[in-house]
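Please look at the sequence and the 3D structure below.

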Amino acid sequence: MRCVPGPSGMRDRLVSGARSRPSTDDAYARHMDNGVRLYRTGDFATALVELEAAYRVKPGPSPLIDIALCHRELRDYPAAIVALERALAQHRAAMTPADRSAAEETLRDLRSLLAFVKLEVDPQDAVVSVDGRDLAPET
């Protein structure tokens, strides 16, 4: 599997399929299992759909970390950063120290891949799009 250089702990988390899940939550387990299976076959876009569904069923760090890995494989680094930041901000207490450390290291790696540009637009209400996505003013 081709990965952006980064800590193996984050990559191994999804690839190994290691995660905690309650046996009573069949929808969560089904979406997570489907997401991992699709990720392993290289179908990152469809894996992302399954992992996002798992997060909607049961919000927690595991789906968000795996969502970040899918975005990274799809080369959507800003979305990967958002998912990891959300995992750390909203689910830090549920993460192991090793997962927190790996997420923080992966964030540093992902941020190093980005460049920042300041745009001044005229007229002020002009819409700026990057990669087909409209940017909000002051983004």
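His31 is part of helix 2; helices here are DSSP runs of H or I with at least four residues, numbered from the N terminus. Its relative accessibility is 16%, so His31 counts as buried, a term for values under 20% relative accessible area with a 1.4 Å probe and protein chains only. Leaving out residues up to four places away in sequence, His31 touches Glu50, Ala53, Ala54 and Val57, where contact means heavy atoms within 4.5 Å.

This is a predicted model, in which local features need pLDDT of at least 70 and side-chain atom pairs count only at pLDDT 80 or more, while totals for chains, interfaces and linings use all residues. Residues are numbered from 1 along each chain, and side-chain values use heavy atoms, without hydrogens and water.

The largest nonpolar core has 27 residues. Such a core is a set of buried Ala, Val, Leu, Ile, Met, Phe, Trp, Tyr and Cys residues joined through side-chain atoms within 4.5 Å. Tyr39, Ile67, Cys70, Leu84, Met95 and Leu110 touch the most other members. The elements giving two or more residues are tabulated here.

| Element | Residues |
|---|---|
| helix 2 | 26-40 |
| helix 3 | 44-57 |
| helix 4 | 61-73 |
| helix 5 | 77-91 |
| helix 6 | 97-111 |

Helix 5 contributes the most, with seven residues. Beyond its neighbours within four places in sequence, Cys70 is in contact with Tyr39, Phe44, Ala47, Leu48 and Leu51.

Tyr39 and Phe44 are both buried. Their ring centres are 5.1 Å apart and their planes at 70 degrees, so the pair is edge-to-face; rings pair if their centres lie within 6.5 Å, and planes over 60 degrees apart count as edge-to-face.

Key
Buried < 20%, exposed > 50% of the residue type's maximum accessible area, 1.4 Å probe, protein only. Phe/Tyr/Trp six-rings, centres within 6.5 Å; stacked < 30°, edge-to-face > 60°.
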